[in-house]
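Please try each task on the structure before reading on.

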Amino acid sequence: MSGVPLFNSIDIKSISFKNRVIMSPMCQYSAENGHLTNWHKQHYSRFAQSGLGGAFMEATAVSPEGRITHGCTGIWDDKFIPDLSEIVKIFKKYNVNIGIQIGHAGRKASCDRPIDGAKPLTSQSIEKPWEIIAPSSIPMSLDSPEPREATQDDIHKIINDFTLAAERANKAGFDMIEIHGAHGYLLHTFLSPISNKRTDNYGGNFENRVRIIKEVINSINQVWPKNKPFFYRISSIDGLDAGTTWNEILELVNILKSLGVDVIDCSSGGLSGTSAISKAKITPGFQVNYAKNIREHCNISTMAVGAIIGYEQANNIIGHNCADFVALGRELMSNTQWVYHAAKHFKLNNSKDFIDPKYAFYLRRRDEQLDLEHMPK
Ligand SMILES: Cc1cc2nc3c(=O)[nH]c(=O)nc-3n(C[C@H](O)[C@H](O)[C@H](O)COP(=O)(O)O)c2cc1C
């Protein structure tokens with residue numbers, strides 16, 4: 001125990017996390033036909049050297065049609081396993097637990113990369129659009145194409161695709177897995193009564209809307225090792241009237257817990273609009289209360305995410321029992337050595353353990369030599 005909650009280790013199943021800071025999954029939209037490129041190798045290498053407790057690789061599609069863009073990474077075929085295991089090795093070299101988020105974009109599939117506008121692809125686009133499917137033929141926004149309503153055969157294929165993806169993630173050596181059940185992607189659209197108007201046993205009441213999620217998890221449980229952590233990302237609120245109720249969210253979490261999910265990653269929103277992150281104004285830690293309330297009500301580990309920026313802010317989230325982990329996205333992009341700086345901020349004796357040993361050697365030497373009292377103003 002370090003005396004600083006953010007740096008207290010925690011075990012989830014067989015995995016020990018040396019601190020509570022996790023890299024949030026962030027699509028790079030830099031893949032080619034689902035394959036990783038050199039960008040991914042250098043991008044993930046930077047974060048492997050960040051002293052993190054763990055990291056999640058970006059949302060990786062369980063089927064080609066489940067990609068958001070042509071630039072999304074894929075795990076729908078065994079051919080992806082060698083490259084994915086390279087990413088695992090990069091993190092393992094630095095003793096950082098590495099997970100992968102797997103998902104299906106549903107009605108948010110077939111779009112331009114965010115950097116190119118994130119608009120739905122059309123026949124006029126340079127890259128080809130593809131057919132999108134969703135629980136109901138309700139487009140995500142007024143200018144979006146109508147998705148095809150998934151048949152029961154589609155649903156069985158989706159469950160199978162998630163399962164095979166999880167099996168491949170394990171073969172590639174990932175320590176943990178996260179199911180993307182948030183941000184208006186396929187599983188979230190089944191859950192929300194706004195996007196799910198089905199009249200069969202996958203729509204209507206809560207029990208039916210949650211069915212596909214239960215079936216995906218039950219099926220993944222057949223292939224994902226029992227001793228490896230299982231995370232599930234939810235949208236804690238839809239952010240729209242007539243969406244999933246808070247009581248339903250708590251019920252969902254209780255179901256996830258009963259199925260063996262270890263950590264609820266508490267995001268929010270995304271049911272409408274195209275981009276990976278909303279353009280609405282946000283305040284630091286704007287989603288932390290969801291992680292806190294879910295943790296308290298359902299007695300399950302949670303991960304807080306969203307504009308977690310400051311060292312004290314992050315430490316208080318853990319210290320005040322609001323969450324078991326903090327996930328950082330954009331702040332890590334801006335400061336890849338965030339964990340090292342946090343350790344220095346809290347005056348931990350072992351702060352240089354959170355930086356590459358070669359850098360630590362020279363920084364230690366500079367610390368010994370430097371007289372900061374003579375810093376020019
Ligand atoms: C470039 C980018 C890509 C993202 N891709 C994903 C993703 O693959 N899966 C996901 O669940 N969230 C994704 N997000 C959301 C982040 O994981 C995170 O929840 C969000 O950025 C809020 O955290 P932050 O304020 O620390 O960035 C993405 C965000 C960004 C900025």
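**Exercise 1.** Locate S235, decide whether S235 is buried or exposed, and find which backbone atoms the side chain of S235 reaches.

Solution. S235 is found in strand β9, where strands are DSSP runs of E with at least two residues, helices are runs of H or I with at least four, and both are numbered from the N terminus. Because its relative accessibility is 2%, S235 counts as buried; the scale calls a residue buried under 20% relative accessible area, exposed over 50% and partly exposed in between, with a 1.4 Å probe and protein chains only. The next step is to look for polar contacts, which are pairs of N or O atoms within 3.5 Å; within protein, one must be able to donate a hydrogen and the other to accept it, and residues adjacent in sequence count only if both atoms are side-chain atoms. The side chain of S235 reaches the backbone nitrogen of H183 at 2.9 Å, and the backbone oxygen of G269 at 2.7 Å.

A note on the source: this is a predicted model, in which local features need pLDDT of at least 70 and side-chain atom pairs count only at pLDDT 80 or more, while totals for chains, interfaces and linings use all residues. Residues are numbered from 1 along each chain as its sequence is written, and side-chain values use heavy atoms, with hydrogens and water left out.

**Exercise 2.** Determine how many aromatic pairs the structure holds, and describe the pair formed by F231 and F325.

Solution. Rings of Phe, Tyr and Trp (its six-membered ring) pair if their centres lie within 6.5 Å, and planes under 30 degrees apart count as stacked, over 60 as edge-to-face and the rest as tilted. The structure holds 9 such pairs. One of them joins F231 and F325, with 6.0 Å from centre to centre and 45 degrees between the planes, and is tilted. Since F231 lies in strand β9 (residues 230-235) and F325 in strand β12 (residues 325-328), the pair ties together parts that are 94 residues apart in sequence. Both F231 and F325 are buried. An edge-to-face pair is formed by F361 and Y362, at 4.9 Å centre to centre and 85 degrees between the planes. In this pair F361 counts as partly exposed because its relative accessibility is 39%, whereas Y362, at 54%, counts as exposed. Finally, F231 and F325 belong, together with F17 and F56, to one aromatic cluster.

**Exercise 3.** Identify which residues line the second largest cavity, then say where D83 is found.

Solution. The second largest cavity holds about 40 Å³ of space and is lined by G34, H35, L36, G74, F80, D83 and L84. This lining has 3 nonpolar, 3 polar and 1 charged residues. D83 is found in helix α2 (residues 81-93) and, at 25% relative accessibility, counts as partly exposed. D83 and H40 are 43 residues apart in sequence and 9.9 Å apart in space, C-alpha to C-alpha.

How values were computed: On a 1 Å grid over the protein atoms alone, a cavity is a set of points where a 1.4 Å probe fits but cannot get out, and a pocket is an open set with protein on both sides within 12 Å along at least five of seven lines; lining residues have an atom within 4 Å of a point. Grid points are joined across faces, edges and corners, and a volume is the space filled by probe spheres set on the points. Ala, Val, Leu, Ile, Met, Phe, Trp, Tyr, Cys and Pro count as nonpolar, Asp, Glu, Lys and Arg as charged, and the others, Gly among them, as polar.
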